[in-house]
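Colleague: I would like to learn how to read a model like this. Please take me through it step by step.

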Amino acid sequence: MSEPIYQKMYTTLFNAITDALAQLEAQDLPAAQETLRQAQQTTEDLYLEAP
């Protein structure tokens, strides 16, 4: 049984936010921005592709 789409979306966003916070702490703003952009695109794709 596959996990519900909202769980996959939540996990994707949570992990990206965790990574972005670490990048911000390291003062790597461009990397943090890219991490969040990619997470946003990935979760949007997951939503649009869901049955």
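Colleague: In which helix is the place of Thr35?

Modeller: Thr35 sits in helix α2. Helices here are DSSP runs of H or I, at least four residues, numbered from the N terminus. This is a predicted model: local features need pLDDT of at least 70, side-chain atom pairs count only at pLDDT 80 or more, and totals for chains, interfaces and linings use all residues. Residues are numbered from 1 along each chain as its sequence is written, and side-chain values use heavy atoms, with hydrogens and water left out.

Colleague: Is Thr35 buried or exposed?

Modeller: Buried means under 20% relative accessible area, exposed over 50%, partly exposed in between (1.4 Å probe, protein chains only). Thr35 has 16%, so Thr35 is buried.

Colleague: Which residues is Thr35 in contact with, leaving aside its neighbours within four places in sequence?

Modeller: Contact means heavy atoms within 4.5 Å. Beyond those neighbours, Thr35 is in contact with Ala16, Asp19, Ala20 and Gln23.

Colleague: What separates the C-alpha atoms of Ala16 and Thr35?

Modeller: The separation is 6.1 Å, for residues 19 apart along the chain. Ala16 lies in helix α1. Ala16 is buried too, because its relative accessible area is 8%.

Colleague: Where does Leu13 lie?

Modeller: Leu13 is in helix α1. Its relative accessible area is 35%, so Leu13 is partly exposed.

Terms used: Helix = DSSP H or I, 4+ residues; strand = E, 2+ residues; numbered from the N terminus.
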